[in-house]
Amino acid sequence: MTSEVSFTIDTPLGRRSTSVTYRRGGAGEPLLLLHGIGHHLQAWDPVFDLLTADRDVIAVDLPGFGASPALPSSVSYGLPSVVPVLGALCEALGIDRPHVAGNSLGGLLALEMGREKLVRSVTALSPAGFWTPGERQYAFTVLRTMRRVAKALPLPAIERMSRTAAGRTALTSTIYARPARRTPEAVVAETVALRTAPGFAQTLAAGQDVLFADDIQGVPVTVAWGSKDRLLPRRQGVRAKLTVPGARLVRLPGCGHVPMNDDPALVTRVLLDGSRPVGDTPAPPSIQLA
């Protein structure tokens, strides 16, 4: 069950109110979950309940995605604007420096929150921002195409396609290595989320010049990449490790760009390892990308 929290943020036109939809459950140290562009908090459903046994889990719809409304018109969707919004969200929820895990765009936001020392640890699953110009252009072209297809298909056609494994593959194989495992209801919901997201175009435009090039000091970082990621190739994980030398680099065998559905047990283990409370048993050695 989702909830909504309203809070105020600083904008070029002064203080403005905004709100974010979220799902929260479990107990333990707080773990904030951030989805990718065009997706919604339900992307974390395959691992949410598994995580709640050990963490206070908060999955959010990023501003302008899912059920969260767009940001105020004077606020951009670039990192310098969205990261403070996430900081204000944490304050509104009474969370003091949570652990954060993000996928794709969410992974980039998680890394930036780590760089700003807003969080206790960072786990980034196939994060954006470690691309070459050509790789970025390819990814953005694919995302725009997915959005056009989602907007062009009538809802009855989406529902019909979602009822077969072949249809779910056609709709979601770009982001999942095992799209047939996704439920018909989930495929319909995430396709609708992609077609209706008011923040999609502005977020994509803000990403044109994004390149994560700073090390992160004093915050544990895990970077994990699916071996079958078709949107952001796994070689970008090696660049992430070179950029953040202290990061733990983990391979997710058989997983695509959004790995939570492809292997929930493995992703849960990675997220729990990455958000280990200070003083717990050290993480096992990194599994290097092959």
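On a 1 Å grid over the protein atoms alone, a pocket is an open set of points where a 1.4 Å probe fits, with protein on both sides within 12 Å along at least five of seven lines; lining residues have an atom within 4 Å of a point. Grid points are joined across faces, edges and corners, and a volume is the space filled by probe spheres set on the points. This is a predicted model, in which local features need pLDDT of at least 70 and side-chain atom pairs pLDDT 80 or more, while totals for chains, interfaces and linings use all residues. Residues are numbered from 1 along each chain as its sequence is written, and side-chain values use heavy atoms, without hydrogens or water.

The largest pocket has a volume of about 390 Å³. Its lining counts 27 residues, with M146, L171, T172, I175 and L194 nearest the centre. Helix α4 (133–152) gives the largest share of this lining, 6 residues; α4, α6 and α7 each supply at least two. Helices here are DSSP runs of H or I with at least four residues, numbered from the N terminus.

Helix α6 (residues 165–172) also packs against α5, at an angle of about 120° and with the axes 6 Å apart. Axes are lines fitted to C-alpha atoms over the stretch in contact, and angles run from 0 to 180 degrees between N-to-C directions. I158, M161 and S162 of α5 meet G167, R168, A170 and L171 of α6, where contact means heavy atoms within 4.5 Å.
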